[in-house]
Amino acid sequence: MAVTTRLTWLQEKILQNYLGGKQFSLLYKASVHKFSGQNLLQKCCHQGPTIALIYSEDNVIGAYVQESYQKGKNASIILFALKETEISECKKGPYVLFSLFYDTNSELQCGYNGGIQIHLPRKEIYMDSDIVNDLGLPQKPISFQECEVFRCEDLLDQRRIAEVTNLKMTLLSTIRTYKPYGDLVQQIRILLVGPSGAGKSSFINSVKSIFRGHVTHQVLVGSDTTGISKKYRTYSIKDGKDGSSLPFILCDCLGLSEEDEGLCMEDIFYVIKGHIPDRYQFNSMKPISSSHHNFIDAPLLKDRIHCVAFVFDANSVEHLSGEMIAKIKSVRREAIKCGVVHVALLTHVDCMDLITKGDLIDIYRCVPVKSKLEAVQRELGFALSNILVVSNYTSEWELDPVKDVLILSALNQMLRAADDFLEDLPPEETDAKSEQGIMKCEVK
Amino acid sequence: MAVTTRLAWKKEKALQKLLGNVSLSLLYKSKVHGDSIEDMVQKCTHQGSTITVIYFYRYVIGAFMLGHYPELDNYSEESKSFLFSFRENGDTIETTSSDLNIVAKIINRELTFYSHYKDMCSVFPSTKTLKLTSSLKLLLKLRFSSPSTYDECEVFRVEGIKDNPGYIRRITGVTQRRNMLLNDLRAYKPCADLVSKIRILLLGPVGSGKSSFFNSVKSVFQGHVTHQAIVGSDSASITEQYRIYSVKDGKDGKSLPFMLCDSMGLDEREGAGLCMCDIPHILKGCVPDRYQLSPQKPISPKHPTFITSPSLKDKIHCVAYVLDINSINNLSSKMVEKFKRIHKEVLNCGIAYVALLTKVNNYSEVLEEDFLNMNRSATSQSQVMNVNKMLGIPVTNILIVENYASEWELEPVKDVLILSALRQMLRAADDVLEDLPVEETDEIAAKIQLCM
């Protein structure tokens with residue numbers, strides 16, 4: 001009953017990317033709607049740009065037409081052949097579009113185009129020798145098993161962009177007006193921890209950029225393998241150029257490293273508990289001492305970390321060494337002991353194979369992203385719903401609402417997670433309630 | 001030149017949710033393809049399941065058809081359908097749908113939907129008019145005069161939907177059932193008000209989904225997926241503290257009338273996992289929230305936070321044995337032995353008990369079409385029978401759920417399973433409270449009088 005394409009996800013993706021980020025809607029399928037040119041044109045007339053796919057034994061042969069199929073219409077056709085993952089192409093025409101498909105109905109016929117014709121009743125496709133040569137196809141009539149025609153729409157058309165922008169505004173408003181659970185603190189502290197080069201500082205810059213309104217690079221970012229961020233930094237983000245502070249602070253610390261140059265594992269506890277002051281210079285060999293002159297002896301709830309975000313580059317997360325994985329798990333166990341919630345953040349998702357900007361709109365539906373998340377769950381032990389995906393700003397000057405939505409959604413998830421942490425605090429640890437207790441005693 | 005839908009993204013998302021995460025492909029658009037019934041039929045026939053969407057100024061009326069689009073001739077097969085409406089209310093979109101008992105047909109160039117041989121709705125494309133009966137208007141919560149002129153009509157193919165009427169009926173009915181269960185649980189009061197909150201203890205092997213179940217319950221009441229209890233993959237139990245979780249209704253809502261107690265996972269080895277000697281103390285209510293459990297060393301009555309005289313409200317009122325449904329048939333004999341020892345203790349304490357089977361694959365088929373009862377195929381599977389034999393738990397109290405672990409959004413079928421399981425636990429607890437010895441209830445009544 002269901003009418004579906006026989007394209008695999010990979011084939012569809014290659015074709016979509018090849019045509020510049022299109023989305024396909026199946027309109028006609030020969031095995032369902034009959035191998036008839038008349039039926040094909042019935043379904044496919046006036047549908048805007050379309051692509052017709054012919055499935056033969058070894059190849060998928062395509063004909064992309066920019067214009068709608070209409071009576072009497074002439075247009076150029078881009079012909080291509082997809083074999084495995086390779087595409088060869090040639091452009092031909094203009095042709096009378098109605099003659100592209102042979103049909104017995106003489107009213108539709110204007111004679112053979114001379115270049116290519118698809119004979120649906122015979123399930124054969126005829127092409128001139130120069131087309132055959134250009135596409136690298138065999139020199140004979142090619143028989144096929146199926147023909148499908150799709151409407152091609154831009155993945156990022158005006159409607160989609162408007163909706164994404166709307167969603168961005170909604171998320172911005174949600175985050176600006178966010179109040180931590182029970183007003184226990186004014187700002188949520190989110191700690192970014194992960195291997196060097198994973199994109200921690202880049203994420204902070206991206207968040208800053210969104211609220212600033214243009215791309216900014218205040219936090220130093222580098223590809224240096226030893227990691228540029230050697231100081232512990234707590235970044236309060238302002239809303240706009242001279243706006244008030246937002247209800248969260250992003251904390252950046254030394255990256256993790258397999259060797260001895262990364263974050264000292266003994267420092268993790270002190271970072272999470274809130275003993276380490278802003279701008280403390282980490283030492284890979286030596287953890288902070290309680291006698292250090294800036295050590296915070298009795299951190300309040302507002303000084304503590306409320307959510308830990310493990311940051312990984314989506315393209316290298318599957319190649320982490322055993323030592324790195326052990327370190328990550330060790331940090332996670334420490335966070336759990338401190339009762340702090342945690343999420344995983346995958347960056348640079350737009351650099352993954354076959355992923356284009358249009359895919360970012362519904363990134364969790366993309367097959368490669370799904371399998372990447374499952375790999376992270378399997379190897380590192382994060383719950384799937386705790387794994388967030390973003391694309392940081394790296395080389396752009398201006399903001400892109402599609403990226404903004406990913407970043408703001410991830411941030412929103414972290415704030416929600418922090419609410420869970422605050423709600424779960426033991427009563428004696430909530431300063432506000434302690435003060436209330438004191439007041440009650442005084443009243444008595 | 002490009003042919004695109006005018007369906008707003010929010011409405012598209014609402015549609016996808018209504019039908020269970022489907023994809024939509026635009027087939028027909030009246031402003032492009034023409035206003036006649038022939039134009040519509042030409043594009044839409046033999047395309048599988050479809051949705052016809054009719055746009056008015058402030059609302060949308062639509063029809064889902066499970067089978068192929070009807071054809072002009074009178075001999076085409078009738079297509080099972082339901083109608084729905086979207087109404088904008090500020091930032092949100094309200095959705096209402098009818099049951100899947102409406103049939104679509106083309107009669108006299110009108111697309112007609114009728115139920116029990118009575119016309120409910122007619123679409124006349126050439127004049128862009130829609131007729132709706134009063135009862136259907138009431139059902140879909142619409143107010144407009146009939147017939148009325150619409151602005152545009154679009155038809156989409158629905159992809160990724162399961163091809164059977166039971167599934168569609170279930171999908172459209174599940175939200176109603178979910179809301180009913182939510183309201184029941186919010187309004188629930190323990191038997192005779194003996195306690196204000198029922199305490200439910202989750203017990204099970206490492207990785208069986210105890211903490212996930214708590215997160216799932218909380219997610220349902222919060223309205224989004226949440227993770228208060230730590231969850232993850234690890235060979236040892238992630239949970240090491242005894243936790244008593246209260247659940248709030250919404251972000252700043254009041255507490256719900258139950259608490260979920262989470263503890264260290266069971267391990268088949270002695271001296272690993274939850275200490276067997278700790279269990280009687282947990283059941284009686286002697287162990288405080290956040291007590292650090294130890295596999296080798298049970299809590300001592302001399303421990304400073306040990307609750308020496310727990311009252312009824314401190315006790316466990318219901319025990320839920322949590323098991324991964326995929327590993328029940330492979331439980332080691334030592335684990336089974338541990339379960340039996342625990343169960344004997346539970347029986348001695350006179351506590352209600354259920355079994356909770358997690359990680360079911362085909363969660364949408366656990367319940368019957370009306371969501372009132374479990375399916376026979378669910379209750380008769382070998383895992384349920386094994387639990388029934390192992391611990392003597394009646395089949396009605398062997399509950400099946402799928403926790404939220406992989407989604408970012410709530411799913412109403414999962415919600416119904418989770419809420420139904422929770423309701424069964426509360427019912428089981430009520431049975432035990434009702435059966436308490438008279439001296440225990442008198443004691444409570446006496447305490448109440450002292451407080452007055």
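**Terms and values**

Guide: In chain A, six strands make up an open sheet with mixed pairing, in the order 10-11-9-12-13-14. This is a predicted model, in which local features need pLDDT of at least 70 and side-chain atom pairs count only at pLDDT 80 or more, while totals for chains, interfaces and linings use all residues. Residues are numbered from 1 along each chain as its sequence is written, chains are lettered from A and ligands numbered from 1 in the order in which they are written, and side-chain values use heavy atoms, with hydrogens and water left out.

Visitor: What makes strand 10 and strand 14 of chain A edge strands?

Guide: Strands are DSSP runs of E with at least two residues, helices are runs of H or I with at least four, and both are numbered from the N terminus; two strands pair if DSSP finds at least two bridges between them. Strand 10 (233-238) and strand 14 (387-389) of chain A each pair on one side only, and they are the edge strands. Neighbouring strands of this sheet are turned by 30 degrees against each other on average, direction ignored; the axes behind such angles are lines fitted to C-alpha atoms, for helices over the stretch in contact, and angles run from 0 to 180 degrees between N-to-C directions.

Visitor: How do you know that strand 10 and strand 11 of chain A are joined?

Guide: The rule asks for at least two bridges, and strand 10 of chain A has five with strand 11 (residues 245-252) of chain A, the two running antiparallel. In strand 11 of chain A, A:Asp252 is the bridge partner of A:Arg233. Helix 6 (residues 200-212) of chain A packs on the sheet, touching strand 10 and strand 11 among others, and its direction makes about 165 degrees with that of strand 11 of chain A; touching here is contact, that is, heavy atoms within 4.5 Å.

Visitor: Why is the pair A:Arg233 and A:Asp278 called a salt bridge?

Guide: The term requires a side-chain nitrogen of Lys or Arg within 4 Å of a carboxyl oxygen of Asp or Glu. A:Arg233 lies in strand 10 of chain A and A:Asp278 in the loop between helix 7 (265-273) and strand 12 of chain A, so the pair ties together parts that are 45 residues apart in sequence. Over all chains, the count comes to 27 salt bridges.

Visitor: What makes strand 13 and strand 17 of chain B edge strands of their sheet?

Guide: Chain B has an open sheet of six strands with mixed pairing, in the order 13-14-12-15-16-17. Strand 13 (243-248) and strand 17 (398-400) of chain B each have a single partner strand, so one side of each is left without a neighbour in the sheet. The twist from one strand to the next averages 30 degrees. Within this sheet, strand 12 (residues 198-203) and strand 15 (residues 318-324) of chain B run parallel and are joined by four bridges, and B:Ile200 stands opposite B:Cys318 in strand 15.

Visitor: Which strands of chain B form a hairpin?

Guide: Strand 8 and strand 9 of chain B form the hairpin, with four residues between them, and B:Lys128 in the turn has a positive phi of about 55 degrees. Strand 8 of chain B and strand 9 (residues 129-132) of chain B pair in the antiparallel sense over four bridges, and B:Cys121 stands opposite B:Leu132.
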